[in-house]
Amino acid sequence: MSFSSEPSIQALHDAVRTVQDFPKPGIAFKDVSPILLDPVLFRQAIEALAAPFREAGVTKVAGIESRGFLFGLSLAEELDAGFALIRKEGKLPWRTYRMEYDLEYGTDCIEMHRDAVVAGDRVLIHDDVIATGGTAAAAEQMIREAGGEPVGFSFLAELNFLSGRDRLGADVAVEAALRFDG
Ligand code: AMP
């Protein structure tokens, strides 16, 4: 028996579109945009993301540019938390924390406003997809530098074969609503 209010993980899984060789050859891109087109699926996604963290005392959800904004803002509202923007370098207008991190070739950089996370904040870090985990690990470091306490990572989709969660703080909960093996 199923209940209409129960998140249908299979329906969400089926809605994620895999686009081969985007943005470059060899990458199987997980496109979550079909979920945004369907208000029932979107609601189910937010419920699935929020469920593990309802009792975690989250004060801020930190969403990673840009697809981490799509679900992250609604997740924050669902958890009665504020929403902190983590953006790529040069996009935020005011004073920032910044964190560089290594890519396969070269480096990348994320930033967050100085007032986005403050001492005492319990922060849930969110992105749509965790791949290698490098971006989320950099976000975790930046939040610690700001004085916040990372209490969890919340991803809509995890790419199992890249083992990205191994790069994240061992003492911080890592939750993914959907898992993909390819
Ligand atoms: P990561 O390798 O975990 O640092 O991922 C870097 C960023 O690119 C994250 O914001 C992911 O959401 C995104 N990303 C990486 N690989 C994929 C993929 N195969 N499909 C969709 N998004 C991806």
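## Close-up views of a predicted model

**View 1. Tyr101 is a buried residue of strand E5.** Tyr101 has a relative accessible area of 9% and is therefore buried (buried is under 20% relative accessible area, exposed over 50%, partly exposed in between, with a 1.4 Å probe and protein chains only). Tyr101 belongs to strand E5; helices (H or I, at least four residues) and strands (E, at least two) are DSSP runs, numbered from the N terminus. This is a predicted model: local features need pLDDT of at least 70, side-chain atom pairs count only at pLDDT 80 or more, and totals for chains, interfaces and linings use all residues. Residues are numbered from 1 along each chain as its sequence is written, and side-chain values use heavy atoms, with hydrogens and water left out. Residues up to four places away in sequence aside, Tyr101 touches Lys88, Thr107, Asp108, Cys109, Ile110, Gly134, Thr135 and Ala138 (contact means heavy atoms within 4.5 Å). Its side chain also makes a polar contact of 3.4 Å with the side chain of Thr135. A polar contact is a pair of N or O atoms within 3.5 Å; within protein, one must be able to donate a hydrogen and the other to accept it, and residues adjacent in sequence count only if both atoms are side-chain atoms. Arg43 lies 58 residues from Tyr101 in sequence and 33 Å away in space, C-alpha to C-alpha.

View 2. An N or O atom in the side chain of Thr135 is 2.6 Å from a ligand oxygen. For Gly133 the distance to a ligand oxygen is 2.8 Å. For Gly134 the distance to a ligand oxygen is 3.4 Å.

**View 3. Helix H5 spans residues 134-145.** Its 12 residues reach 17 Å from first C-alpha to last, close to the expected 16 Å (1.5 Å times one less than the number of residues). Buried positions in H5 are Gly134, Ala136, Ala137, Ala138, Ala139, Glu140, Met142 and Ile143. Their cover includes strands E3 (60-64), E4 (82-88), E5 (96-102), E6 (107-113), E7 (122-130) and E8 (149-159). Just after the helix, Gly147 takes a positive phi of about 95°.

**View 4. Seven strands form an open, mixed sheet.** The order is E5-E6-E4-E3-E7-E8-E9. E5 and E9 (173-180) are the edge strands, each pairing on one side only (two strands pair if DSSP finds at least two bridges between them). Neighbouring strands are turned by 20° against each other on average, direction ignored. Strands of a sheet pair through backbone hydrogen bonds, either parallel or antiparallel. E5 and E6 run antiparallel and share seven bridges. Met99 has Ile110 in E6 as its bridge partner. E7 and E8 run parallel, with eight bridges. Here Asp127 has Phe155 in E8 as its bridge partner. E8 is largely enclosed by the rest of the structure, because 10 of its 11 residues are buried.

**View 5. Helices H3 and H4 lie across strands of the sheet.** H4 (residues 68-78) lies across E3, E4, E7 and E8, at about 165° to E4. Axes are lines fitted to C-alpha atoms, for helices over the stretch in contact, and angles run from 0 to 180 degrees between N-to-C directions. H3 has 12 residues and reaches 16 Å from first C-alpha to last, close to the 16 Å expected. Its buried residues are Leu41, Phe42, Gln44, Ala45, Ile46, Ala48, Leu49 and Ala50. What covers them includes H1 (9-15), H2 (33-36), H4, E7, E8 and E9. Asp38 caps the N-terminal end of H3, with a side-chain oxygen 2.9 Å from the backbone nitrogen of Val40.

**View 6. Asp121 sits in the loop between E6 and E7.** Asp121 is buried, with a relative accessible area of 7%. Its side chain makes a polar contact of 2.7 Å with the side chain of Thr59. Another, of 2.6 Å, joins the side chains of Asp121 and Lys60. Neighbours within four places in sequence aside, Asp121 is in contact with Thr59, Lys60, Ala116, Gly148 and Glu149.
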